[in-house]
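Please look over the sequence and the model shown below before reading on. The text then walks through the charged pairs, the core and the backbone.

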Amino acid sequence: MNSINAYFNPDVPWPSADEYRIRYNAKEKNGIELDEAVYGEAPDQDSFSYFDSVPRLILKPIDYETDIEDALSACYEEYLNSINYELKNEFGDANFRFDENMFLYFGSYQGLSEPIDRTVCVPLLEDESFYTEEFVSQLQQFLKAEFPLWRIYIVARSRAEEDESLTIYPEYIIAGSIQSRPETQGTLLREWRQKNYDRVEISRGPRRRQFNAVKSKLPEALGQFKAQIGQHPTTFLQLAAFDNWQGDQQKASLWCLVASQRMYRLSLSSPDSQLWCGRGDDYYFTSEDELTNKITRYKNDEEFKYGLTQFIFSKKPDCQRYDLGFRELQMINNSFEPTGKEWAFTLDVKDIIIDESLRTEELPKN
């Protein structure tokens, strides 16, 4: 067990919250008990380290300060409202949420019912752009004024990409593992946002370009689809195929317009019937007027007339043609079962749209 007190050593490097075995301003040095609670077995010694920003004697039990969740949520809400921030992106995914899973303590991720130190965690979802110098400074002022012994941990999207994380102290920030100085905080934040943007854009860029390309085809396709659906209620309409799925070049994606009350499963018969098939995004709408402003990824409880469905399948090198099929499903006893209706069709590789051809206009970088 190691213990560092920054109060007596102001030049010591402050820890990134990624180092979750370093507990920040924890009142109790009870790492053996915590490990026993999580793993069911007491270790021989305390495997945690302890980093304190004030003399340990003046630290109170954390129970006295656990209203930071609601206070921090209100701080976020006030700022995001002030900039008219959209809580969902163009795909219907949450850029940010206000729910019980967004503001958690260290310990919650290990299944413990109480915080193990003074760290409040906020997951990084789909968007990093609102973590501007202005907002991060507001968060630091929030800590100084109301919770000076706490830190805010913007949790990376995955443990493998911890350089995406951001640790906010009242006086410092740590982006990944790099600690700021007062004069470098703005630059470090811009570099952190750019790194996050570039990494996510690998999948988000192709996804955005495909979605926009398909939406541009919908007004014309909808007229054709209406004529078909009047004669054949189980029909579907192929819109476009693309050479990747969210940047994964091992897969191709096929977008179709379907009746939202129907469900279809894609299969491959050649060049290899064992190639993987699956589903990607699903979107729903009722009228042509909704194509630009009311298309939604989630059905909720509403009745939508049309579905925009992305099917995915594994590609095979040097293949020139894919023989595919659709199987219709219907809901029986709370599960989808085949109706016996199937359709076969051929997709030539030359008709698959290359993502590079869609890069006519890139989104501005942060």
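What follows is an explanation of selected features of this model.

The model is predicted, so local features need pLDDT of at least 70 and side-chain atom pairs count only at pLDDT 80 or more, while totals for chains, interfaces and linings use all residues. Residues are numbered from 1 along each chain as its sequence is written, and side-chain values use heavy atoms, with hydrogens and water left out.

The charged side chains come first. A salt bridge here is a side-chain nitrogen of Lys or Arg within 4 Å of a carboxyl oxygen of Asp or Glu. By this rule there are 20 salt bridges. One of them joins Asp-35 to Arg-21, with the closest N and O atoms 3.1 Å apart. This pair links distant parts of the chain, 14 residues apart: Asp-35 is in helix 1 (residues 31-39), and Arg-21 is in the loop between strand 1 (2-5) and strand 2 (22-24). Helices (H or I, at least four residues) and strands (E, at least two) are DSSP runs, numbered from the N terminus.

Arg-21, with 24%, is partly exposed.

Another salt bridge pairs Arg-207 with Asp-281, where the closest N and O atoms are 3.0 Å apart. Here too distant parts of the chain are linked, since Arg-207 is in helix 4 (residues 185-231) and Asp-281 is in strand 13 (residues 277-285), 74 residues apart. Arg-207 counts as buried because its relative accessibility is 11%. Asp-281 is also buried, at 3%.

The side chains of Arg-321 and Asp-323 form a salt bridge as well, at 3.2 Å from N to O. In this pair Arg-321 is partly exposed at 45% relative accessibility, whereas Asp-323 is buried at 14%. Elsewhere, salt bridges link Glu-128, Arg-157, Glu-164 and Arg-199 in a network.

Which residues gather in a patch of negative charge on the surface? They are Glu-28, Glu-33, Glu-36, Glu-41 and Asp-44. Such a patch is made of residues with over 30% relative accessible area and no salt bridge, like charges being joined within 9 Å. Areas come from the Shrake-Rupley method with a 1.4 Å probe, Asp and Glu count as negative, and the charge is placed at CG of Asp or CD of Glu. Glu-33 lies in helix 1 and is exposed, with 55% relative accessibility.

The next topic is the interior. A nonpolar core is a set of buried Ala, Val, Leu, Ile, Met, Phe, Trp, Tyr and Cys residues joined through side-chain atoms within 4.5 Å. The largest such core has 37 residues, of which Tyr-76, Phe-96, Val-122 and Tyr-131 touch the most other members. Elements that each supply at least two residues include helix 2 (68-82), strand 5 (119-123), helix 3 (133-146) and helix 4. Helix 2 gives the largest share, six residues.

The peptide bond from Ser-270 to Pro-271 is cis, with omega near 15°. Pro-271 sits in the loop between strand 12 (263-270) and strand 13. Asn-25 is not a glycine, yet has a positive phi, near 50°. Asn-25 is in the loop between strand 2 and helix 1, and is buried at 0% relative accessibility. Gln-246, also not a glycine, has a positive phi of about 50°. Gln-246 lies in the loop between strand 10 (236-242) and strand 11 (251-259) and is partly exposed at 25%.

Notes. Buried means under 20% relative accessible area, exposed over 50%, partly exposed in between (1.4 Å probe, protein chains only). Patches are made of residues with over 30% relative accessible area and no salt bridge: like charges are joined within 9 Å, nonpolar side chains (Val, Leu, Ile, Met, Phe, Trp, Tyr) within 5 Å.
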